[in-house]
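Good morning, and thank you for the time.

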Amino acid sequence: MSTKILPESDVRPDLSHGDGDHERFAHYVQKAKITESAVTGTPVIALCGKVWVPNRDPKKYPVCPECKEIYEGLKPGGGDDKS
């Protein structure tokens with residue numbers, strides 16, 4: 001019998017239990033897209049990739065951990081590289 005040492009891997013908790021879990025969170029979407037969706041009924045895409053037509057008060061739900069992580073990793077100023 002031999003013992004193998006596995007290489008280190010990034011172990012992160014799986015916060016999602018399929019697409020249904022996305023319904024438990026408020027997601028980050030461009031404000032203009034929310035307005036457009038309210039007028040036209042077209043779906044929006046959250047930072048985490050969820051696609052849906054917003055129809056509920058996001059203040060009643062916790063922020064999606066994936067959206068929050070992505071948002072916090074973005075450059076200030078919307079990624080404008082005018083340094």
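What does the secondary structure of the protein come to? It comes to two helices and two strands, where helices (H or I, at least four residues) and strands (E, at least two) are DSSP runs numbered from the N terminus. From that terminus on, the order is α-β-β-α.

This is a predicted model, in which local features need pLDDT of at least 70 and side-chain atom pairs pLDDT 80 or more, while totals for chains, interfaces and linings use all residues. Residues are numbered from 1 along each chain as its sequence is written, and side-chain values use heavy atoms, leaving out hydrogens and water.

Of the 83 residues, 17% are buried; buried means under 20% relative accessible area, exposed over 50%, and partly exposed in between, with a 1.4 Å probe and protein chains only.

Let us turn to the aromatic rings. The structure holds one aromatic pair. The ring centres of tyrosine 28 and tyrosine 71 are 5.0 Å apart and the planes stand at 70°, so the pair is edge-to-face (centres within 6.5 Å; planes under 30 degrees apart are stacked, over 60 edge-to-face, the rest tilted). Because tyrosine 28 lies in the segment before α1 (31–40) and tyrosine 71 in helix α2, the pair ties together parts 43 residues apart in sequence. Tyrosine 28 is partly exposed, at 27% relative accessible area.

Helix α2 (residues 65–73) also contains isoleucine 70, which is partly exposed at 34%.

Finally, arginine 56 lies over the face of tyrosine 61, 4.0 Å from the ring centre; the criterion is CZ of Arg or NZ of Lys within 6 Å of the centre and within 35 degrees of the ring normal.

Terms used. Phe/Tyr/Trp six-rings, centres within 6.5 Å; stacked < 30°, edge-to-face > 60°.
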